[in-house]
Amino acid sequence: MSGRTTSETGVVLDVSTEEFEDLVAEALDTIPSELAKLIDNVVVLVEDEAPEDSPNLLGLYEGTPLTERDGWYAGVLPDTIRLFRLPILRICDSYDDVVDEVQVTVVHEVAHQWFYAAVGGLTLVFCWKLV
């Protein structure tokens with residue numbers, strides 16, 4: 001990858017959409033199978049920019065958390081997890097930072113599907129790994 005410089009210069013790291021999508025897929029693959037099987041009726045998308053009213057947003061979960069689903073939840077469109085590529089790249093100083101931030105953002109947004117209200121604005125970091 002070319003053109004990598006620190007975010008201090010205002011230059012965004014050069015990570016293509018395709019490569020970023022691969023990082024998202026790799027982050028999803030790190031979720032243990034016991035937890036991954038709980039992910040239900042959700043699509044994960046990569047978009048370049050966050051909504052205009054929240055330009056620094058890194059990711060967004062839109063849908064009905066598992067804790068709020070009951071008998072009415074059938075035949076509905078999938079929940080959506082959107083990751084915003086350029087805002088993530090703008091806060092990262094290196095490719096390793098991008099990998100880490102994608103991982104944290106994916107975990108955070110997936111956690112919203114499991115228990116939306118409990119996650120709120122918290123940053124979840126690999127809650128299934130022993131420290």
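Colleague: Where is the place of Glu21?
Modeller: Glu21 sits in helix H1; helices here are DSSP runs of H or I with at least four residues, strands are E runs of at least two, both numbered from the N terminus. This is a predicted model, where local features need pLDDT of at least 70, side-chain atom pairs count only at pLDDT 80 or more, and totals for chains, interfaces and linings use all residues. Residues are numbered from 1 along each chain as its sequence is written, and side-chain values use heavy atoms, leaving out hydrogens and water.

Colleague: Is Glu21 buried, exposed or partly exposed?
Modeller: Partly exposed, with a relative accessible area of 39%. Buried means under 20%, exposed over 50%, partly exposed in between (1.4 Å probe, protein chains only).

Colleague: And what separates the C-alpha atoms of Glu21 and Leu45?
Modeller: 8.3 Å, though they are 24 residues apart along the chain.

Colleague: New topic: what is the order of the strands in the sheet?
Modeller: S1-S3-S2, an open sheet of three strands with mixed pairing. Strands S1 (42-47) and S2 (59-62) are at the edges with a single partner strand each, so one side of each has no neighbour in the sheet. Two strands pair if DSSP finds at least two bridges between them.

Colleague: How many bridges join S2 to S3?
Modeller: Four, and S2 runs antiparallel to S3 (residues 79-84). Leu60 stands opposite Arg82 in S3, and Gly59 is opposite Leu83.

Colleague: Which side chains along S2 are buried?
Modeller: Gly59 and Tyr61, which point to one face.
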